[in-house]
Every structure is written in C-alpha cells, then in structure tokens.
Amino acid sequence: MLLDLTLHQPIYGPKPANRRMSWRGVANSVTGRIEQTDFTALMLAVRDQQDRAAFAALFQHFAPRVKGFLMKSGTEAALAEDCAQDVMAVLWNKAAQFDPARASVATWVFTIARNRRIDIARRARRPEPEVLDWGPDTEPDQAEIYEAGQETARLVAALSDLPEKQRALIQRAFYGELSHSEIAAETGLPLGTIKSRIRLALERLRQNLS
Amino acid sequence: MSIRHHLSDPLLIAYAAGTLPEAFSLLVATHVSMCDTCRAALAAFETVGGAVLQDSAVPLAEDALAAAMARLGAPEKREAIAKSDAGAKSDAGAKSDAGAKSDAGAKSDAGAKSDAGAKSDAGAKSDAGAKRLPKPGDLPAPLLDYIGGDLTAVKWRSLGMGVRQAILPTSKGASARLLYIPAGQAVPDHGHRGTELTLVLQGAFRDATDRFGPGDVEIADEDLQHIPVADAGEPCICLAATDAPLRFSALIPRLLQPLFRI
C-alpha cells in the first residue's frame with residue numbers, strides 16, 4: 001500500500017550503519033546552494049524587536065512565494081496577491097508564536113498560507129492537534145535552531161534533484177491537487193525519497209518530543 | 001502501552017497539505033495529539049510543504065511592499081494570542097477576542113479555527129509532560145471541541161446489542177462518529193466503499209487483521225470485510241471516520257442503515 005517504501009530503509013527501524021554518512025553526503029552536496037539569507041535571524045528580529053526592516057526583507061522573499069503557492073493551488077492572481085498580504089500580516093501579528101527550534105520560517109509560512117487557502121475555499125474546518133508545551137522556558141539549542149533553519153534549504157535542493165515528473169507530483173500534493181487516496185494510489189510519488197530526505201528532520205523532532 | 005498502528009503517509013501528507021475532509025482531519029488531529037511519532041512525521045511533511053512554497057515565486061504588484069508596511073500595527077502579545085486561540089476554539093460561534101480576528105480580511109469561523117495551524121506553540125496547554133493517552137473520560141482537545149465536552153457529554157444512540165454511536169458534526173465528504181462497543185461485543189460485519197479510519201480512544205478491539213488498543217488507528221479500505229470485537233473486560237470507545245457509507249452484509253443492519261446513518 002505504501003508504494004515504493006519497501007525498497008527503502010524503514011524510517012523508524014534499526015539504523016543502517018551508513019545513515020549518518022549518507023546524510024552528511026547530502027548536506028555537503030547542497031552546501032553551496034543553501035541560501036545566503038538567514039531567514040531565522042530575520043524572523044527572530046521581527047519576533048523580539050518588531051524590526052520593520054527585517055519584516056520588509058522577509059516580505060520581499062516570502063510574499064511572492066505565497067502568492068505563487070496560492071495561484072498554483074488554483075487561486076486567481078488578484079486574490080492570491082491579497083492573501084499573500086494577509087499571510088505576511090499574520091507573520092507579523094503572530095510572530096510571538098514562531099519557534100525557531102521547531103520549524104524553519106518557510107515551513108511556518110507554508111502552514112499559514114495553507115490555512116489561508118482553506119479559508120478561501122471555505123471548505124471545512126481543519127481541526128488542529130493539541131498544542132504541546134515543550135517545557136517551561138527551555139532555551140532552544142543553537143544547533144537545533146540551525147538545523148531547523150537548514151532543513152528547508154536541503155529539501156529544496158533535494159526536490160530539484162528529483163526527476164521532473166516526481167517533483168511535479170510532490171508539488172501537486174502540497175498545492176492541494178491530490179486527495180489522500182490519490183496520494184496513496186500514485187505510484188510515481190517518491191515517498192521513499194521524501195522520507196529519506198526528511199529523516200534528519202524526523203530525528204530532530206522526535207528527540208525534542210521524547 | 002504504546003501505539004502500534006499509526007497514520008499512513010498519504011493521510012499525513014494530505015493533512016499537512018490541508019486537503020483531507022473535515023472528518024478525517026478530526027481523526028488525524030486526535031491521533032497526532034496522542035502520538036509523538038506521527039506528530040514528528042507531520043512536522044516533517046510540513047517541512048516539505050515549506051520547500052514546495054520556496055519554489056513557487058510569482059512577482060507581486062509594484063506597491064505590494066509599501067502596502068504591507070502600511071498595515072503593520074502592534075503585534076499581538078504571546079499571552080493574548082494563546083487566549084484568543086482558546087476563545088476561538090471553545091466557542092466558534094461567538095468570538096469576542098479581537099486577537100483571532102484582526103489579521104485576515106473576511107474570516108469565517110472556519111478561518112479562525114484553521115488559522116490555528118500556524119500556532120503550534122501557543123503555550124496554552126499545561127500537562128504536556130503527562131501521558132497523552134486518554135484516561136477514561138479524558139479526550140484529546142480536538143475531539144473535546146467537537147463533542148462539546150468529555151465522554152459524559154456524548155449523546156449516544158443505540159444501534160442494538162449494546163452498541164452505541166454518536167455522529168459528530170462535520171462537513172460533507174466524510175462523516176465522523178464515536179462508537180461504543182460493550183466489552184466482548186462485536187460490531188456487525190461490514191465492508192466499506194471508501195476508506196474507514198478507526199481510532200481507539202479507550203479499551204481495545206480485535207479483528208481478523210490485528211488487535212487495536214488506545215491510540216491505534218485501523219485504516220480499512222474497500223477490500224477489508226471485518227468484524228471488530230471489543231476486548232473482554234472493558235468497553236471499547238472509538239472515533240471512526242468514513243468517506244462513504246458502510247456496507248453491511250446482513251440484511252437487518254442494511255435495512256436499519258438509513259435510520260442510523262451508519
């Protein structure tokens with residue numbers, strides 16, 4: 001049922017001896033392409049100092065991407081532009097919720113944009129999991145913050161390395177074009193590849209949760 | 001006691017992408033509230049969403065940045081956000097807190113709710129360190145929200161043989177219901193036209209495939225014809241979500257089906 005997953009190492013199974021090695025390989029191969037701008041630092045400046053210049057920089061980068069994301073999700077251009085404005089306003093207004101140890105700015109913006117898309121469609125509520133408190137006032141670990149910030153860049157690089165057809169399928173899934181049963185039935189969706197690419201993120205998140 | 005049966009990747013991806021029908025989203029949100037493995041997997045799939053977004057730039061109108069800067073007011077305080085979230089969640093109808101409303105233009109109740117997606121860390125919850133599997137009568141927050149209280153608030157309807165159910169209000173496309181199966185009792189033999197997800201909240205049941213305890217999810221597709229039987233000793237309470245009506249093999253339940261909406 002889970003497509004080509006059987007061909008890959010089970011993600012929660014015993015560690016293959018070369019797992020670390022292969023990850024280091026992935027990280028190294030993309031180092032040159034990891035974006036120069038430190039979005040996490042900009043976002044923290046917005047969160048902690050209400051830094052308008054940092055917001056402007058984030059807007060310049062993310063607003064066009066939110067607009068594009070919404071348009072590719074089937075939203076007409078003018079509405080997508082308005083919604084991109086809304087999403088960035090949420091980023092400013094709810095900056096206090098940004099936790100750099102949990103998600104990169106891109107991931108956080110994605111969740112806001114996704115929720116805005118659900119609003120537009122006025123399809124239905126999307127119940128959210130119970131909120132987890134990650135412990136009172138634990139100072140986030142710098143290495144963790146760095147890792148969370150890098151994950152998106154690594155994944156962008158990994159996606160661009162995929163054959164066009166596979167990349168398009170992942171995009172369609174996240175643009176909201178595929179239902180869960182279509183995702184399950186789609187044998188071309190490189191789930192195994194995705195999962196091997198997010199393995200580091202998974203390990204980090206699971207450590208934080210346990 | 002640990003969870004052995006998890007959500008599938010396609011379900012987690014569809015939930016991350018925001019495309020699941022509401023009833024399925026409710027079940028996913030409830031399971032993720034109980035299961036750290038799936039919580040981590042969901043966060044990782046959201047990271048994929050972030051990467052897809054990074055790759056989607058389209059030019060903005062020329063005055064877009066100026067318009068955005070002109071909109072910036074005082075950001076909300078963390079406590080205010082947590083409070084307004086709590087307000088929006090517990091009472092979707094009458095929202096008074098400005099916090100939940102201020103950011104996006106015309107927001108429906110659904111909007112205010114789904115907006116909570118970004119707020120994974122509002123810090124409003126207290127007993128995170130505690131075990132998240134529900135004690136009797138103790139349900140994860142998303143489900144409490146739909147029941148309007150804990151298990152004592154459920155308005156059960158009898159299905160016969162001691163089996164009871166309560167339909168939860170969700171939008172079209174899929175339905176969600178709570179099932180109460182007395183200890184040792186079987187649910188009538190049924191197949192499915194679509195997908196049926198069953199999440200055990202309390203007790204356990206067993207069918208031809210395996211045993212399912214608290215927090216476990218059974219994902220049944222059209223091919224599975226099964227007779228879930230509750231373990232002896234304790235009634236089994238489940239949250240079930242289907243995207244098509246169930247199909248009973250026996251005549252009587254089939255005749256009753258339109259009456260009970262199962």
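Read along the sequence, chain A follows the pattern α-α-α-α-α-α-α-α-α-α. This is a predicted model, in which local features need pLDDT of at least 70 and side-chain atom pairs count only at pLDDT 80 or more, while totals for chains, interfaces and linings use all residues. Residues are numbered from 1 along each chain as its sequence is written, chains are lettered from A and ligands numbered from 1 in the order in which they are written, and side-chain values use heavy atoms, with hydrogens and water left out.

Biologist: How many helices are there in chain A?

Modeller: Helices (H or I, at least four residues) and strands (E, at least two) are DSSP runs, numbered from the N terminus. By that reading chain A has zero strands, and its count of helices is ten.

Biologist: Which strand of chain B is joined to β3(B) by seven bridges?

Modeller: Strand β3 (residues 175–181) of chain B has six of its seven residues buried (under 20% relative accessible area, with exposed over 50% and partly exposed in between, using a 1.4 Å probe and protein chains only), so it is largely enclosed by the rest of the structure. Two strands pair if DSSP finds at least two bridges between them, and five bridges join β3(B) to strand β2 (residues 163–168), the two running antiparallel. The strand that runs antiparallel to β3(B) with seven bridges is β10 (residues 236–242).

Biologist: How far apart in space are B:Leu197 and B:Leu7, C-alpha to C-alpha?

Modeller: B:Leu197 lies in strand β5 (residues 196–202) of chain B, and at 0% relative accessibility it counts as buried. Leaving aside neighbours within four places in sequence, its contacts (heavy atoms within 4.5 Å) include B:Leu11, B:Phe24 and B:Leu239. Although B:Leu197 and B:Leu7 are 190 residues apart in sequence, their separation in space is 9.1 Å.
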